[in-house]
Amino acid sequence: MSLYASFRKKLLSFDLSVDIEVSDETVSIFGFSGAGKSMTLKCISGIETPDSGLIMLNGRVLYDSERGINLPPQKRRVGYLFQDYALFPHMTVEQNIMAGMKIKDRAAVMEWLRRYELSDCIDRYPAELSGGQKQRTAIIRMLASEPDCLLLDEPFSALDVQLKWRLEQEMKELLKDISKPVILVSHDRDEVFRLSDRVGCMRMGNLEGIRKTDDVFDHPLTETEAVLAGCENIASAYRCEDGSLYIAEWNHRIAASGENICAAGIRSDKLSVHQISDSYIEIQDSELQRGLDGHSLVCRAKGGSGRLKCSIDAEEVCKYDRLYYRAEDMLLLKDDNHDK
Amino acid sequence: MLTFLSELDWSPLWISLKTGIAATIISFFMGIYFARYVVNARGRRKSVIDAILTLPIVLPPTVAGFILLRIFGLRRPMGAFLLEALDIKVVQTWLGCVIAATVISFPLMYHNAKSAFEQIDCSIIHAAETLGMSNHEIFWRIQLPLAKPGIMSGIVLTFARALGEYGATAMLAGNIPGRTSTISQRIAMVIQDGDYQTAGFWTVIVILIGFAIIVWVRLLTDKEK
């Protein structure tokens, strides 16, 4: 099975531009709020109509602007898990699930409920369910309608932290068993890494090249990918006439080749107060901060406005004026729209 | 008192109730139909139709009555056609009462139904669509049940407004005792004649009906909770 979507849509503040092909795998779309992620799913499911393009699912044309084809959502067989689950508030769990079933099969509903440990909730209304139970109900309702692909819109954003992790594991199990194209939209890095095979970053409506999740983590190529990979220190870079790259926020100059580089980034654990190499950034106003992931040194670059974060052992606190890094750890990031 | 009651002409009560019920039934179906249409419509057409359907409630009832008279008047094309082709007379008849009350009270039904439909979370409708439910199914099984509280209060307000309609009714249907003389018109008439006893009696009746409506609405909304 495969889902192919390539379309454009003019939105208020930017143009949505999506090219995506998903086989039986989970592809994530990562991006900040308002980047156009949900709109992408709405276009694929038929809730919204793109301006131009082609959307196909298992060889069926769902949308084709050239041939004037635009199937209504009802005929697309696209499962959609909404951010707030969108359960029907006036129907019980059972009625919610039955609503989308082509053949109203009560035994099948019972089986679904048993598998998801919801048997006790069969006659409850959505308002009487916990966050996790609501999500499971919405998942069952979606699966029971026998869709050909699944679109998951920020499925964990409405949940408490502890619950979130558990349901993420459940979702992982579920996605493993399902051989259908799945698109997961999220602004949560952990979710993306734990759940997806491949990931594409979206910025200002533009979906960048989709790459293997591990590759993105190891070698982020763009600014959004660097954020996704957990790179804390990112700053714009300018190519100077002498060929070097100048990072104004850090008042730092590096010798590096490469085209279209617009930003540089370095992970906090790749910066060190010890002299691990000849490359360093001069800093001032350093301050120790305690976080969940250990201690870090937060400081300002000397002669620049940008802040830098560096992992540090709590014992080594004293005044520093240099942060060292290995040249190969400096990420050179391209413009997000590099291939457009 | 007994002689007053036994000599009283009760017809205004029945004419008012009949008019109110008929107007409410017509407004109910038309209001829901147009509310659904406008909620689904887009762009300029939506605002134009919305404005036209809302107009009767901001117009003075006499203006609405005058317009209706110009439409259904026996010497006007529409009125003449109805009389000749279908033998239907609107002016000075009970049908006129119903049409006047419907036109004036309809916007209440329409508006309540419309805002009830609009308050339904879009993602619920979208979810129903992606689950493969037909538009017909979505309307009957999702939209209508979820809009029920708003529609119920629309029914009550429409009935109350239709029951008390005076201005447009007086112009279109006139005040013919036993045929088009509603409670409101009867009160106006007897006051002109200085008959404060009858006016007071009908006032009490109207207050009782109004009170009953309020209690009924309260019971309904409490049950919803």
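This note goes through a predicted model with chains A and B, point by point.

1. Conventions. Local features in this predicted model need pLDDT of at least 70 and side-chain atom pairs count only at pLDDT 80 or more, while totals for chains, interfaces and linings use all residues. Residues are numbered from 1 along each chain as its sequence is written, and chains are lettered from A and ligands numbered from 1 in the order in which they are written.

2. Chain A overall. The C-alpha trace of chain A spans about 70 × 50 × 30 Å along its principal axes. Its secondary structure comes to 8 helices and 22 strands; these are DSSP runs, H or I of at least four residues for helices and E of at least two for strands, numbered from the N terminus. Of the 340 residues of chain A, 42% count as buried. A residue is buried if 20 or more other C-beta atoms lie within 10 Å of its own, exposed if 12 or fewer, and partly exposed in between, with C-beta atoms placed from the backbone.

3. The domain assignment, which is automatic or from a database, gives domain 1 (3-213) and domain 2 (233-334) for chain A. The C-alpha centres of these two domains lie 39 Å apart. Among contacts in chain A with a separation of 6 or more, 67% join residues 24 or more positions apart. Two residues are in contact if their C-beta atoms, placed from the backbone, lie within 7 Å.

4. The interface. In contact across the two chains are 16 residues of chain A and 14 residues of chain B. Strand 7 (residues 78-81) of chain A supplies the largest share of the chain A side, 3 residues. That side divides into 8 nonpolar, 6 polar and 2 charged residues. Here Ala, Val, Leu, Ile, Met, Phe, Trp, Tyr, Cys and Pro count as nonpolar, Asp, Glu, Lys and Arg as charged, and the others, Gly among them, as polar.

5. A:Arg77. This residue is in the loop between strand 6 (69-70) and strand 7 of chain A. A:Arg77 has a positive phi of about 55° although it is not a glycine. A:Arg77 has 19 other C-beta atoms within 10 Å and is therefore partly exposed.

6. Helices 2 and 6 of chain B. The axes of helix 2 (residues 11-40) and helix 6 of chain B come within 6 Å and cross at roughly 40°. Axes are lines fitted to C-alpha atoms, for helices over the stretch in contact, and angles run from 0 to 180 degrees between N-to-C directions. The two helices are therefore oblique to each other; angles under 35 degrees count as roughly parallel, over 145 as roughly antiparallel, 65 to 115 as roughly perpendicular and the rest as oblique. The contact of helix 2 with helix 6 of chain B has 20 nonpolar, 6 polar and 3 charged residues.

7. Helices 4 and 6 of chain B. Helix 4 (residues 61-72) and helix 6 (residues 94-118) of chain B have axes that come within 11 Å and cross at roughly 130°, so they are oblique to each other. B:Pro61, B:Ala64, B:Gly65 and B:Leu68 in helix 4 meet B:Ile99, B:Ala100, B:Val103 and B:Ile104 in helix 6. By class, this contact has 7 nonpolar, 1 polar and no charged residues.

8. B:Gln92. The loop between helix 5 (77-86) and helix 6 of chain B holds B:Gln92. B:Gln92 is not a glycine, yet has a positive phi of about 65°. With 16 other C-beta atoms within 10 Å, B:Gln92 is partly exposed.
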